[in-house]
Amino acid sequence: MSVHDLHGITLESLLTQLVAHYGWDELGKRIDINCFISDPSIKSSLKFLRKTPWARTKVEELYLATTFDN
């Protein structure tokens, strides 16, 4: 998959799927971002990711590398 495969997927949907797949603990281990480690929530994480391009890129890369059981 490539970044083009993210077209039409909202950041909220992407993050929700990652949290459902990995859980907050594992997500925090895979991507060392405080919003995933300290009192995580979708709302606070979205706020941070929308303001921080390097963090959003890391989340998108993990999403693309993840095989989901659909």
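Predicted model: local features only at pLDDT ≥ 70, side-chain atom pairs only at ≥ 80, totals over all residues.
Residues are numbered from 1 along each chain as its sequence is written, and side-chain values use heavy atoms, without hydrogens or water. Local features need pLDDT of at least 70 and side-chain atom pairs count only at pLDDT 80 or more, while totals for chains, interfaces and linings use all residues.

**Salt bridges.** The whole structure holds two salt bridges (a side-chain nitrogen of Lys or Arg within 4 Å of a carboxyl oxygen of Asp or Glu).

| Salt bridge | Closest N and O atoms |
|---|---|
| Arg30 and Glu26 | 2.9 Å |
| Arg56 and Glu60 | 3.0 Å |

Arg30 and Glu26 sit four residues apart in helix 1, about one helical turn. Helices are DSSP runs (H or I, at least four residues), numbered from the N terminus. Arg56 and Glu60 have that spacing of four residues in helix 4 (residues 53-65). Glu60 is buried at 17% relative accessible area (buried is under 20%, exposed over 50%, partly exposed in between; 1.4 Å probe, protein chains only). Arg56 is partly exposed at 30%.

**Aromatic pairs.** A search of the whole structure gives three. Among them, Trp24 and Phe36 are tilted, with centres 5.8 Å apart and planes at 45 degrees. Rings of Phe, Tyr and Trp (its six-membered ring) pair with centres within 6.5 Å; planes under 30 degrees apart are stacked, over 60 edge-to-face, the rest tilted. Trp24 lies in helix 1 (residues 11-30) and Phe36 in helix 2 (residues 34-37), 12 residues apart. Phe36 is buried, at 1% relative accessibility.

**A loop residue.** Asp39 lies between helix 2 and helix 3 (42-51). Its phi is positive, near 50 degrees. Most residues other than glycine have a negative phi. Asp39 is exposed, at 70% relative accessibility.

How values were computed:
Helix = DSSP H or I, 4+ residues; strand = E, 2+ residues; numbered from the N terminus.
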